[in-house]
Amino acid sequence: MTMTLIPSPTHEAIHRVEDPDSGLLGLIAIHSTQLGPAAGGLRMRPYETFEVALEDVSRLSAGMTYKNAAAGLPLGGGKAVIIADPATQKTPDLLRAFGRAIESLKGQYFTAEDMGVSPEDMSVIGEETAYVAGLPAGEFASGDPSPITARGIFNAIRTTHAARHGSSDLTGRSVSLQGLGHVGWHLAGLLRQAGANLIVTDIDPVRVAAAVRAFDATPVALDAIYGVEADIFAPCAIGGILNDQTIPQLRTSIVAGGANNQLATPEDAKALHARGILYAPDFVANGGGIINVATEILKISDRSGFVDEKLAALDQTMIRILTEAKAQNVSPDTVAVATVDRMMAAPQAAE
């Protein structure tokens, strides 16, 4: 195995990981350890090029720094990707090789489940390293974080709806939901239970058909989701989907979802604001998963109590961000970034 440092002006370290014996090619990005060891999930995708994977892991790891800080966790930001198709190229040898790469960093980075991997995969990785969370079994095992992630997003949707309409009641409201993976599916259930009407899309037509049956949802084509008329747009798939091509299509007053790095650029937050669309900053809205994972990293015995407390605090943070943004007449993203920057500066100021 070889691990090669990729020079970066924005990150503490980005490692290219290669293991020809197992076919592993991946990246581990450590954006910041200012607040604690870097923590963030492992994503397995058949990226078109290495450069695309590098851009993705760089953005995702930076987002984790802000997500962990917003959630009030003593963790820094990191992320990892394996360039492979999880349906055809995932093997125990490949996962174990990745575990050895993590172990070599000696606790600088904790990994967990993300797109294309499962708690069971974390167990295989855990055969080679102690710096893994999201395990399905064990004293502090936190398992699949998706239900907790969905709870946090659901809270954010209700809070953002209250900020725009004066009530958190979603009865009869329409939600266009992009992505029906683990998080999107759990969120769909919570929204339907709250009385919302769902319009859904996903790259997998089987999932779409299942959502139509389970939630009485209305299906639409992948690209059609942006132009659907709905009260709330909830992106829960890949990042970068709020951009100069999609924002002009939106027919909604609220964007609040679970995808990481929804904004293609910071300017896109201003474009949403200019259109009168209230945006719930993604790194605040989707912090539930890392809160759940943190119970394992930090060895918290009362996982349920810790999660409830942190989710409630995260919701209060969202309320403060939306309130301040309204008072300043700026995008909530601007306030959210400034809020986290202050949080991260606080420990240094106290020294």
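Here are a few friendly notes on the strands of this predicted model.

1. Which strands pair with E3? One is strand E2, residues 13-19, which runs antiparallel to E3 over seven bridges. To find this pairing on your screen, look for Glu18, which stands opposite Leu25 in E3.

2. Now follow the chain through the turn of this hairpin. Four residues lie between E2 and E3, and Gly23 in this hairpin has a positive phi near 85°.

3. E3 also pairs with strand E6, residues 76-83. The sense is again antiparallel, with six bridges, and here Ile30 stands opposite Gly78 in E6.

4. For the parallel case, turn to the open sheet of six strands, whose order is E10-E9-E8-E11-E12-E13. Its edge strands are E10 (218-219) and E13 (278-279), each of which pairs on one side only.

5. Within that sheet, take a look at E11 (residues 232-235) and E12 (residues 254-255), which are joined in the parallel sense by two bridges. Ile232 has Ile254 in E12 as its bridge partner.

6. Finally, a helix joins the picture: H6, residues 205-215, packs on the sheet and touches both E9 (197-201) and E10. The direction of H6 makes about 170° with that of E9.

Key: Residues are numbered from 1 along each chain as its sequence is written. This is a predicted model: local features need pLDDT of at least 70, side-chain atom pairs count only at pLDDT 80 or more; totals for chains, interfaces and linings use all residues. Side-chain values use heavy atoms; hydrogens and water are left out. Two strands pair if DSSP finds at least two bridges between them. Contact means heavy atoms within 4.5 Å. Axes are lines fitted to C-alpha atoms, for helices over the stretch in contact, and angles run from 0 to 180 degrees between N-to-C directions.
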